[in-house]
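Biologist: I've got a new protein to look at, and I'd like to go through it with you step by step. Could you put it on the screen?

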Amino acid sequence: MTEKATSEAPTYGPEETTLESAKAPSTEPSGEVAASECPGEAQALTPQEPATQEPVPAAPTASKPAPPSEDVPSAPLLLAVEDVSDNSVTVSWEPPERLGRLGLQGYVLELCREGALEWVPVNARPMMVTQQTVRNLALGDKFFLRVAAVSSAGAGPPAVLEQPVHIQEVIEAPKIRVPRHLRQTYIRQVGETVNLQIPFQGSPKPQASWTHNGHALDSQRVNVRSGDQDSILFIRSAQRSDSGCYELTVCLEGLEARAAIDILVIEKPGPPSSIRLLDVWGCNAALEWTPPQDTGNTELLGYTVQKADKKTGQWFTVLERYHPTTCTISDLIVGNAYSFRVFSENLCGLSPSAAVTKELARIQKAGIIAKPKGFVERDFSEAPSFTQPLADHTSTPGYSTQLFCSVRASPKPKIIWMKNKMDIQGDPKYRALSEQGVCTLEIRKPSPFDSGVYTCKAINVLGEASVDCRLEVKASATH
């Protein structure tokens, strides 16, 4: 069964070498001695001094093996590097063909820096493992490794790596992760802020740069802040000139990743350039207009057409998001004269102003000849009379209540409200309304004091009329 161990890299210098021994399962007696204390091992692991240094240093040569002995194990097999990171290396091997008559106590892994003469043990005592990780290495370290099997009779010949191990910084290729909402055109209105945060990956820290339509950014308008894992592009107040393709480039050790983000800054469109009344027939009117010169930097959603008759001057919408530039307005009222106006619309809304027709569309009543002779104008004058009287009412304190009645009179009468035969006009507690002959008195948050008889009086030049009702405001029950 393969066992693994982790050790810290030995340090070099005049001070004492600190070694951290990894715990590993062992079947040996508790009186086991360190591998360096075994006389046989000392003889087997004594390094032979390397030859004169060459431009490309070779691996330190192991000492000449001792004469074959049945008590000493043979060299481990298949020593190989499993993994190298920026601060560690993992090596593995297979047990030797011959374990020795006295049995195997474990393995000793040794390290020798390139150009050095001394092999330094990584683990102070033999360990029954066939894979070991050396940690706490520094970037740029270059060294050789060897491993020897140890028995109570001593250490066998070591197995040496043919090539040195070089600790280098692990490079992770850069990669940009564009958020989902930025994979389509990013739309903002004029004056709004643009704040784009684009995450990326890469190790060591990659260099991030931005371009706008292939050119460098305007530093006076656009701010960029790049960290270890993202880059932020910020525009405080967007203008239409900020629209375009923004490209983020992340570079690392000759590798690069690119991401393009389309930004569109829009505003409300202008009104149609012109509008004219083409024709009027029956109850119909035909209009034509030209598209606006400024669409707000985006396509139009259509036009909104409104009409207003000359009598009231109120505008009513006839067509919404209408795409053609000609239309026919129908169902106009005979005898009225109409004006028309057209708004442009895009994603920001309707244009601030509209194109208005200069001419009125007059809807004539055909086939009728006026006959003024013999016409007798009817006198509709009438003294006030109440068609709907006031009704007695009960209210709850604190809740506003209303009294209603309706009156008919010509000319329009003057309406006077009274409480207990006293005029209450001008009292802020009461609000009197009169529209289309319906008279309303609103009593705001009444109290028991507001109970009494309320009178509505209508007066014109032909006479007057009045109606009464009783209002009762019940006090809240106490418990």
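This is a predicted model: local features need pLDDT of at least 70, side-chain atom pairs count only at pLDDT 80 or more; totals for chains, interfaces and linings use all residues.

Biologist: Got it. How many helices and strands are there in the protein?

Modeller: Strands are what you'll see wherever you look here, with 36 of them in the protein. As for helices, the count is one.

Biologist: And what share of the residues is buried?

Modeller: The protein has 479 residues. To count as buried, a residue needs a relative accessible area under 20%. The share that passes is 37%.

Biologist: Let's zoom in on Gln-306. Which strand is Gln-306 in, and is Gln-306 buried or exposed?

Modeller: Find residues 302–309, which form strand β21, and you'll have Gln-306. Its relative accessibility is 11%. The cut-off for buried is under 20%, so Gln-306 counts as buried.

Biologist: Which side chains make polar contacts with the side chain of Gln-306?

Modeller: Let's start from what Gln-306 touches, leaving aside neighbours within four places in sequence: the list includes Trp-315, Phe-316, Ser-339 and Phe-340. Thr-317 and Arg-341 are on that list too. Side chain to side chain, there's a polar contact of 3.2 Å with Thr-317, and one of 2.7 Å with Arg-341.

Biologist: Now Ser-406. Is Ser-406 buried or exposed?

Modeller: You'll find Ser-406 in strand β30, residues 401–410. Its relative accessible area is 15%. Since the limit for buried is under 20%, Ser-406 is buried.

Biologist: Which residue's side chain makes a polar contact with the side chain of Ser-406?

Modeller: Not counting residues up to four places away in sequence, Ser-406 touches Ser-385, Phe-386, Thr-387, Gln-388, Gly-437 and Val-438. From that group, a side chain joins Ser-406 in a polar contact of 2.6 Å, and it belongs to Thr-387.

Biologist: How many bridges join β13 to β16?

Modeller: Strand β13 covers residues 194–203, and β16 covers residues 230–235. They run antiparallel, and Leu-196 stands opposite Leu-233 in β16. The bridges between the two strands come to six.

Biologist: What about β15 and β16: how many residues does the hairpin between them go through?

Modeller: These two pair in the antiparallel sense over five bridges. The hairpin that joins β15 to β16 goes through three residues.

Biologist: And at the β11 end, which residue in β13 is the bridge partner of Glu-172?

Modeller: Strands β11 and β13 run antiparallel, with three bridges joining them. Look along β13 for the partner of Glu-172, and you'll land on Ser-203.

Biologist: Last one. How many disulfides are there?

Modeller: A disulfide is a covalent bond between the sulfur atoms of two cysteines. In this model, a pair of cysteine sulfur atoms has to be within 2.5 Å to count. Cys-245 is partly exposed at 29% relative accessibility, and so is Cys-251 at 30%. By the distance rule, the number of disulfides is zero.

Definitions and conventions: Residues are numbered from 1 along each chain as its sequence is written. Side-chain values use heavy atoms; hydrogens and water are left out. Helices (H or I, at least four residues) and strands (E, at least two) are DSSP runs, numbered from the N terminus. Buried means under 20% relative accessible area, exposed over 50%, partly exposed in between (1.4 Å probe, protein chains only). A polar contact is a pair of N or O atoms within 3.5 Å; within protein, one must be able to donate a hydrogen and the other to accept it, and residues adjacent in sequence count only if both atoms are side-chain atoms. Contact means heavy atoms within 4.5 Å. Two strands pair if DSSP finds at least two bridges between them.
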